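Please examine the sequence and the model before reading each solution.

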Amino acid sequence: MSEDTRALNFIEHIIEEDLANGLSKDKLRFRFPPEPNGYLHIGHTKAIGISFGLGEKYNAPVNLRFDDTNPAKEEQEYVDAIKKDIAWLGYQWENELYSSDYFQKLYDWAIQMIKDGKAYVDSQSSEVMREQKGTPTQVGTNSPYRDRSIEENLELFEGMKAGKFPAGTHLLRAKIDMEDPNMLMRDPIMYRIMYAHHHRTGDDWCIYPMYDWTHGESDYLEQISHSLCSLEFKPHRKLYDWFRDNVYEYSKDNYPLPPKQREFARLNLSYTIMSKRKLLRLVEDGVVSGWDDPRMPTISGLRRRGYTPNSIRKFIEKVGVAKRENVIDVSLLEFCIREDLNKTANRVMAVLDPIKVVITNYPEDKEEWLEAENNQEDESAGFRKVPFSREIYIEREDFKEEAGNKFFRLKLGGEVRLKNAYIIKANEVRKDQNGDILEVQCTYDEDTSKKVKGTLHWVSIKHAITAEIREYDRLFNDEAPDSHGDKDFMEFLNPNSLTIKTGYLEPSLADVKVGEQFQFQRLGYFNVDDDSTADKLVFNKTVGLRDSWAKQKPKPQSNQNQNKPQQQKRSAISVIQQFGKKYTNLPEEKQLKTKTEIQELAKDVTYDELEPLFGTAVKKAGTRVATLIALKVLLKNGLERNEAIDEFIEKAKEDKNAILVTEASDL
């Protein structure tokens, strides 16, 4: 087996086999067939990526077909949103089509099936039909109307189309086998009466075809070679083939290629619901502001939150194509957007929980405009000027009156470096009558060559601009909110999924445009929200700089261990070393998960602990990779580069191990 063959997913194997067995490559054609009854969500991106990805791989057309057979739930708004989302992801469709384009052809085929004795009009209630259908272990029973004459069936079906009967009085059913083990084959419904205005055909029709009848026949009319769908449709394949084979006999001269249905595992994401019906409930109940609320898993919500097309496509690529259902940790999606924005987002300074710092030995009337690098990951990003003055804001959590040796931020008597500026020393605090700190009084030192361990971001008070900052958390605090049969998924809503703050930003952000993205240094990635105006800036937090949920997950404890003496907790640096031993041998998805864990552990590691690992033996590439991952975290959090760090990074860039070189290449 060649290397190229091994790299194929199972769908590509099927296509390659069909091509080897005589299918002409120019006959390949795919489609993405959404129902326009809601907005696309992250779950749909897998189906989108598979179909359009195959189109790109084989240079084959991909149709965008709207399965619009239920006018009671479908709207033009959803059609427009779906088109916008797919285009935003960077995919192009060959033809924009609608199942409603085929209503007349489907009706004509249904007439032909009645004439061939393969369909009949049933006049029972839906409740009675449901009882007659049987169960998976008990066969169904025939309808008393199953043996109506062809003439009577034609007359009734034409009367249904003409609007002569109330909704619910008649249905057209396929005549297959009420004893078939697959319950979908037990005389499935093909048409129902529905008096509803269709967003495209208006009031031309009052009977509408069912999904199973419409879907496969639409594939056939479009000459789709491979009809790809998620695993829940696998039981439908037998019915898909039955309908297909019958219409093929009617039209094989005009439509010579019968389509082939194949199924893949859909995308399930932790802490997320994928049901459009349940997402609609969140909108209608006012839990969220709309389909594009940044907490929603919809593509429009992800876009508004600040996710990029590249990050989502990379996520789908990493998830891959599988035959078995599984749940993907949402942290993988967050990892992908971090990786993307780390390369593209300019760094700026913003303070979201301010405490005032007065630099007492800095002249009151003086101000300086200091040079700051926009993005150390992008040499072309250039530099900007940031103002510095006597009074600045820093984050409240970056100051403590008293702190231990591992607190590398500002404390009384201690020194820190202000990013792109000077070194300051905290001398005293001023408090109000309640004992709350009003300001920290500091002195600055113009000698910036001194070595200090902490670096803080800051904003000059007199130059700061204000903005509304919307910080988002996961919408649900349960990994599978809709998996509890005895509970409503709404019970698992996270009451703290949205926090609104006032932020103080450096003045370079005064003229930002909607959709622009930035890294607020040491805080996370943010983008300009749709609500933002020139008079009131609004930023959404896209994602933090690290996975803040990793520590919140409860660890199961065995009862057997409860009575045992507690073992001493391993240090973060030793766990990182342990991860490093196996890192290079892990599959890519596990590498990503391990990398996230190392990044989280690195928050509790000091430079003094990490530096001895710079001398790790060349053959221990995994340990050096883990060291490099941890080092990046320390550098992002303000660690100043020195000769030892530079030497370690340069050696990594020249190494033979590709993973190590990749990690080092962005430093």
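The model is predicted.

**Exercise 1.** Determine how the lining of the largest cavity divides by residue class, and which helix gives the most to it.

*Solution.* By class, the lining of the largest cavity has four nonpolar, four polar and one charged residues. The residues concerned are Tyr211, Asp212, His215, Gly216, Cys229, Phe233, His236, Tyr240 and Gln261. Helix α8 gives the most to this lining, with four residues. The space in the largest cavity amounts to about 50 Å³.

**Exercise 2.** State how many cavities of 30 Å³ or more a search of the whole structure finds, and characterise the second largest cavity.

*Solution.* The search finds two such cavities. The second largest cavity holds about 40 Å³ of space. Its lining consists of Thr45, Ile48, Gly49, Leu89, Tyr91, Ile312, Arg313 and Ile316. By class, these are five nonpolar, two polar and one charged. Helices α3 (44-58) and α12 (309-319) each supply at least two residues of this lining.

**Exercise 3.** Describe how helix α5 packs with helix α8: what are the angle and the distance between their axes?

*Solution.* Helix α5 spans residues 103-115 and helix α8 spans residues 211-221. The angle is about 110°, and the axes lie 11 Å apart. Angles of 65 to 115 degrees count as roughly perpendicular, so α5 is roughly perpendicular to α8. On the α5 side, the contact is made by Lys105, Leu106, Trp109, Ala110 and Met113; on the α8 side, by Trp213, Thr214, Glu217, Tyr220 and Leu221. Together, the residues of this contact divide into seven nonpolar, one polar and two charged.

Note on methods. Residues are numbered from 1 along each chain as its sequence is written. This is a predicted model: local features need pLDDT of at least 70, side-chain atom pairs count only at pLDDT 80 or more; totals for chains, interfaces and linings use all residues. Side-chain values use heavy atoms; hydrogens and water are left out. Axes are lines fitted to C-alpha atoms, for helices over the stretch in contact, and angles run from 0 to 180 degrees between N-to-C directions. Angles under 35 degrees count as roughly parallel, over 145 as roughly antiparallel, 65 to 115 as roughly perpendicular and the rest as oblique. Contact means heavy atoms within 4.5 Å. Ala, Val, Leu, Ile, Met, Phe, Trp, Tyr, Cys and Pro count as nonpolar, Asp, Glu, Lys and Arg as charged, and the others, Gly among them, as polar. On a 1 Å grid over the protein atoms alone, a cavity is a set of points where a 1.4 Å probe fits but cannot get out, and a pocket is an open set with protein on both sides within 12 Å along at least five of seven lines; lining residues have an atom within 4 Å of a point. Grid points are joined across faces, edges and corners, and a volume is the space filled by probe spheres set on the points.
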